[in-house]
Amino acid sequence: MKVFQAMHEAEDLSAVLHISDVGEMNDVISRGQATQMILSHEAMMEKQIGDIAHEIAARKGVRFVMIAGPSSSGKTSTAQRLSIQMAVNGLRPIAISMDDYYKNRVDSPRKADGSYDFECLEAIDLELFNEHLQRLLAGEKVKMPKYNFRTGCREYRGNELQLQENSVLVIEGIHGLNEKLTPSVPAEHKIKIYVSALTPMSFDEYNRIRTTDMRLLRRMVRDSQFRSHDAETTLRTWSDVREGEEKYIFPYQSSADIIFNTTLIYEFAVLKKYAEPLLRAVPQSAGMAYTTARRLLNILSYVKPLEDEVIPNNSILREFIGGSVFKDAL
């Protein structure tokens, strides 16, 4: 399975850096060699993104790049960095948002409790989306919609799009791997990329750090930095997020043409200083959120903290801690 292969590749990368567990990472930090660790891993990741862009360019018929992955996997930064590398390879990447193809709110499907279900595939106007993709593929000019989240309606603001020679649409969204999203587009015209954070890090030979914990810490820090959410709010809603992933993302990950692992071997050490104050603020009265907070604090207690000044401004980690060169797109 491709996901397991990606995990093995992450372990191989860790071996190259001579860091296979938290203890070895702490040793690197203690010896003052963290800068080399960070820049080496970032260089490896940039090479991987460049290799993906090269593969896309080599497939002459590809006009659509579909990017999907679970929450806080780094999809947005990956899409931005991939677009830059695609341009280096002679392509003309154009990002479009699947959110702009939401049905008008009054027409959206509802959950059993009567609330709107914005995560299901049927929340997207599939007919319009596929019509536009077909017309773009045929070289036509298309008036692009813009979804107004305040009014809950699609609007047209004069934005038009027409694919030129070597143009490739980069489409990021929760349903990107689901073939039901783009049944009108022949397989040779699209490539599907699954983005996840598959950490190879462990405490020792028997205790591996959960990938879901890595993503939860990322999300919690990002929610605090950019969305004014406290840790309790993030922890309370995490089960709903995970439920959506189980229904709409994980069942389709095997259909991906490429799997890209966004985990950075040093990120636990960086997230520590951001996450610990947030987790300590979760009150005991928060129930399961408090229990999860204490568990995450215990994990972080084994990690030496690492400052983030040397982290490049195009790093995927910047999507969560701030200072990203792609901040206008995050």
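Visitor: At what angle do α3 and helix α4 pack?
Guide: This is a predicted model, in which local features need pLDDT of at least 70, side-chain atom pairs count only at pLDDT 80 or more, and totals for chains, interfaces and linings use all residues. Helices (H or I, at least four residues) and strands (E, at least two) are DSSP runs numbered from the N terminus; axes are lines fitted to C-alpha atoms, for helices over the stretch in contact, with angles running from 0 to 180 degrees between N-to-C directions. For α3 and α4 (residues 75-88), the axes are 8 Å apart and the packing angle is about 60°.

Visitor: What does that angle make α3 relative to α4?
Guide: Angles under 35 degrees count as roughly parallel, over 145 as roughly antiparallel, 65 to 115 as roughly perpendicular and the rest as oblique. The relation of α3 to α4 is therefore oblique.

Visitor: Is the crossing of α3 and α4 left-handed or right-handed?
Guide: A crossing is left-handed if the near helix is turned anticlockwise from the far one by less than a right angle, and right-handed if clockwise. The crossing of α3 and α4 is right-handed.

Visitor: Which residues of α4 make the contact with α3?
Guide: Residues are numbered from 1 along each chain as its sequence is written, and side-chain values use heavy atoms, with hydrogens and water left out. Contact means heavy atoms within 4.5 Å. On α3 the contact is made by Glu42, Met45, Glu46, Ile49, Gly50, Ile52, Ala53 and Ile56. On α4 it is made by Arg81, Leu82, Gln85 and Met86.

Visitor: Which residues touch the most other members of the largest nonpolar core?
Guide: A nonpolar core is a set of buried Ala, Val, Leu, Ile, Met, Phe, Trp, Tyr and Cys residues joined through side-chain atoms within 4.5 Å. Buried means under 20% relative accessible area, exposed over 50%, and partly exposed in between (1.4 Å probe, protein chains only). Of the 66 residues in this core, those touching the most other members are Met37, Ile56, Val65, Leu82, Ile193, Tyr266 and Leu279.

Visitor: Which helix gives the largest share of this core?
Guide: In soluble globular proteins, nonpolar side chains tend to be buried together. Nine residues of this core, the largest share, come from residues 34-58, that is, from helix α3.

Visitor: Which residues does Ile193 contact, leaving aside its neighbours within four places in sequence?
Guide: Ile193 is one of the residues that touch the most other members of the largest core. With its sequence neighbours excluded, Ile193 is in contact with Ile52, Ile56, Val65, Met66, Ile67, Ala68, Leu82, Leu177, Ile258 and Phe260.

Visitor: At what angle do the axes of α6 and α7 cross?
Guide: Helix α6 covers residues 211-226 and helix α7 covers residues 231-248. Their axes come within 10 Å and cross at roughly 130°.

Visitor: What does that angle make α6 relative to α7, and what is the handedness of the crossing?
Guide: Because of that angle, α6 is oblique to α7. The crossing of α6 and α7 is right-handed.

Visitor: What does the crossing angle of α6 and helix α9 make the relation between them?
Guide: The axes of α6 and α9 (residues 288-300) come within 12 Å and cross at roughly 100°. The relation of α6 to α9 is therefore roughly perpendicular.

Visitor: Which residues of α9 make the contact with α6?
Guide: The α6 side consists of Asp213, Leu216 and Leu217. The α9 side consists of Thr292, Arg295, Leu296, Ile299 and Leu300.

Visitor: What is the phi of Ser72, and is Ser72 buried or exposed?
Guide: Most residues other than glycine have a negative phi. Ser72, in the loop between β1 (64-68) and α4, has a positive phi of about 60° although it is not a glycine. At 3% relative accessibility, Ser72 counts as buried.

Visitor: Where is Ser228 found, and what is its relative accessible area?
Guide: Ser228 is a residue other than glycine with a positive phi, near 55°. Ser228 is found in the loop between α6 and α7. Ser228 is exposed, with a relative accessible area of 71%.
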